[in-house]
Amino acid sequence: MATELGPTPVKEPASGGTPIHHGPKGVGEDNAIASQGKWASWLLAPTIVALAIVIVYPIISAIVMSFQKDAALDPVTGLFAEGGPAGLSNYTNWIFQQCAAPGGGTVACPPGTLGSQFWSATGTTFYFTIVTVTLETILGFWMAIIMARTFRGRSLVRAAVLVPWAIPTAVTAQLWLFIFAFEGIGNKLFNTTILWTGSEIPARWAVIIADTWKTTPFMALLILAGLQMIPAEVYEAAKVDGASAWQRFRMITLPLVKPALMVAILFRTLDALRMFDLPYILTEGSNNTTTLSILVVNQIRQGFNSAAALSTITFIIIFIVAFIFVRFLGANVVEQQTGAGKGKK
Amino acid sequence: MTAATELRAQQDRGRKVAQNREKWASVRTYVSAAVILFWCLAPAYWMVVTAFRDVGYTYDTSLLPTHVTLDNFATAFDTSFGNRFGQALLNSVFIGVTVTVISLVLGVFAAYALARLNFRFKYLVLGFILGASMFPGVALITPLFQLFTNIGWIGTYQALIIPNISFVLPLTVYTMTSFFREMPWELEEAARVDGCTQGQAFRRVIMPLAAPAIFTTAILAFISSWNEFLIASQLSNDATQPVTVAIANFAGAQPQQIPYTAIMAAGTIVTIPLVILVLVFQRKIVAGLTAGAVK
């Protein structure tokens, strides 16, 4: 796409330094932009090609696979039957929780099989996403407000929040598994005797607590960065006008920090929707902690094509959520990124 | 009482209320800061304390270090139960460095173009790169698993390096793009006035100035590759597995018993260098992390 750049001038972005050519508009300007376009396409080509190989190719190949039947043991002949076109059956099998029946055709998947878990995995994924992102937003906002204040030891706090972020998720999962062990420090501190990984609610909350611990710092830092862009004079002026602390928060902080906040929530939501490491290691997907990602991974060894359909469904779900965020909730990532939002601060 | 003294008394009271309120606000700030410190550091502290605790006292819950020993670190590297933690460390370093270098080399050019040049489809390219960084790894794993099975790449290093580029390269590009935007580009202009070509200006003037930004991006890229688990857990084998997979599958002498102290020791080894690196470059790292969201 970047290789067919024409000589049409583009909008000057709001930031990014001074334009290179200051001459009068005309042929020279067009040539300048054409030459920049040529430059840009050369500079961007390696990245675009690399991403096309590692992302676009697998997506297309997953979609192609998802319309193929998995090779399976033919119940009549007792031989492995090759796949062949499957139409939409891989998709409908997941959505209606249908499995191949012995005599051909499909029946409702028996409980315990992967095929019967699509809606519960979807539910679990959204449950984790909504609960963790909500907790992380509230906690992250609170942390950011504290970190934005001036006090002795502020830099210590700002450094400390990076510690959970820097620990790999696999290690985090093992650490919290140990904390939540029956004889572990978690039960000891709160004087409880909960079998954390033994039933649904504690198992889910073990994952939620671990995830919140690990990712709130990221949220807090993004919100803090947003808070720091609000000029102090605005608060001073509001104070002089007699606005209460709550009014200042609601009328100044919230609207001004909203762009950064929305981007932070969007990032975290998309990240939570693909949650894998924590439940996979911490609870091994048991007790209703199987997310869509875990279901895909479990399916891979039972049939590529069906797994490809499920991963495509997962991708579509994530895409729809991202679309809703950007379109309706005003999380403008590209505008933020390109600096076009800068004038508004 | 005269009006003047009454007024003074009132002012005094007002000042006292304000002072009190300020004092309370500052107390609240310190209490909150202490809660944040505890919440962020306590679990990490527990990992380190457990790593140094004798395996016989795994579930000792005294908060200060007790039964201190270095045995767990030896156990972590012990291969007699089928763990290959030492090898996994080397694998992770190798994979992380390769992915980081490839992503930086490709990404630095793209970031320069995005930060500096005007061209059509700029927003489209940015959107594509940001979208790529949010792309779910699970959507890649199935086709790659099949492809790598067919060409016999399962368990090879390239099977682990190539998928990592899919999320490290976009991260590299957008972090560096926002760093590049903040740079003093007038110097480049000056170099061009002095007769450098745009390429020369980039190499001789901009590159040295951009070094800290590139270094920070490298740390972020390395960390995200170092933390990768999903793809590695499916496409690696015993010989090529990275540390995340080794730690997740860490086996003890008895299959039913999870060797927590050794796992915590392994976790400490994996984490401490990163934490030190992150704390030393704290300011830059935070700037890089938040670059995409607010700049």
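In chain B, the C-alpha centres of domain 1 and domain 2 lie 40 Å apart; the domain bounds come from an automatic or database domain assignment. This is a predicted model, in which local features need pLDDT of at least 70, side-chain atom pairs count only at pLDDT 80 or more, and totals for chains, interfaces and linings use all residues. Residues are numbered from 1 along each chain as its sequence is written, while chains are lettered from A and ligands numbered from 1 in the order in which they are written.

**Two domains in chain B**
- Domain 1 of chain B covers 3–51, and domain 2 of chain B covers 74–294.
- Where they touch, domain 1 of chain B supplies 4 residues and domain 2 of chain B supplies 6 residues (contact means C-beta atoms, placed from the backbone, within 7 Å).

**Where chain A meets chain B**
- Here 89 residues of chain A contact 87 residues of chain B.
- On the chain A side, helix α1 (residues 27–66) gives the most, with 18 residues (a helix is a DSSP run of H or I, at least four residues, numbered from the N terminus).
- That side of chain A has 61 nonpolar, 22 polar and 6 charged residues (nonpolar: Ala, Val, Leu, Ile, Met, Phe, Trp, Tyr, Cys and Pro; charged: Asp, Glu, Lys and Arg; polar: the others, Gly among them).

**How confident is the predictor?**
- Chain B has a mean pLDDT of 85, with 98% of its residues at 70 or more (pLDDT is the predictor's confidence in each residue, from 0 to 100).
- For the complex, the predictor gives an ipTM of 0.86 and a pTM of 0.84.

Notes: Two residues are in contact if their C-beta atoms, placed from the backbone, lie within 7 Å. Helices (H or I, at least four residues) and strands (E, at least two) are DSSP runs, numbered from the N terminus.
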